[in-house]
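Please examine the sequence and the structure shown below.

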Amino acid sequence: MAEIDILVGSVYGSAMLVAETLSDHLQAKGHVCHLFDEAELADIDASRFLLVVTATTGQGDIPPNLQSFASALSDGAPYMKGWRYALIAMGDSSYEHFCGAGRKLDELLQELAAEALVPRLEIDATVEDEPEVAALAWLKTWEDRL
């Protein structure tokens, strides 16, 4: 079974609910999950799978509780070859910078040579009343690859 670091960027709690739902499901399948709501780069380990769940704030900004992690990636530019990850970007398509935080993080991880196991999931709040349901359905399509 896999060890998984789940990083959450949340403002109003929806991203945390998604992360907790996925963590509960993965643990029920025998995986070990480490949930971080104030992640630092030093908290995560290249030997573990990285799952990022982030909301978007303001003008496509990364939520404050994930900002330190994002800054460490951007400023430190650690070489992340061998790291595997999946990312969920949450937003509202009625705003100009829909899913901006998740898109920025996904691009940054790929620039640092991390490998996306699957394409990013974008959850639109104008379409999905229960983002955790959409996220769980997405996870179930690839969880056997962990």
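E122 is partly exposed, because its relative accessibility is 27% and the buried class ends under 20%. In this predicted model, E122 forms a salt bridge with R103, and the closest N and O atoms are 2.7 Å apart. Since E122 belongs to strand β6 (residues 121-124) and R103 to helix α3, the pair ties together parts that are 19 residues apart in sequence. R103 also counts as partly exposed, at 36% relative accessibility. A network of salt bridges links R103, D106, R120 and E122.

How many salt bridges does a search of the whole structure find? The search finds five. One of the salt bridges joins R48 to D5, with the closest N and O atoms 2.8 Å apart. R48 lies in the loop between β2 (32-36) and β3 (49-54), whereas D5 lies in strand β1 (residues 3-9), so this pair ties together parts 43 residues apart in sequence. R48 is buried, with a relative accessible area of 16%, and D5 is buried as well, with a value of 1%.

N65 is located in helix α2 (residues 64-76) and is buried, with a relative accessible area of 12%. Its side chain reaches the backbone oxygen of V8 at 3.0 Å, and a polar atom of that side chain lies 3.1 Å from the backbone nitrogen of S10. Leaving aside neighbours within four places in sequence, the residues in contact with N65 are V8, G9, S10, D37, E38 and A39.

Key. Residues numbered from 1 in each chain as written. Predicted model: local features only at pLDDT ≥ 70, side-chain atom pairs only at ≥ 80, totals over all residues. Heavy atoms only, no water. Helix = DSSP H or I, 4+ residues; strand = E, 2+ residues; numbered from the N terminus. Buried < 20%, exposed > 50% of the residue type's maximum accessible area, 1.4 Å probe, protein only. Polar contact = N/O pair within 3.5 Å; in protein donor to acceptor, adjacent residues only side chain to side chain. Contact = heavy atoms within 4.5 Å. Salt bridge = Lys/Arg side-chain N within 4 Å of Asp/Glu carboxyl O.
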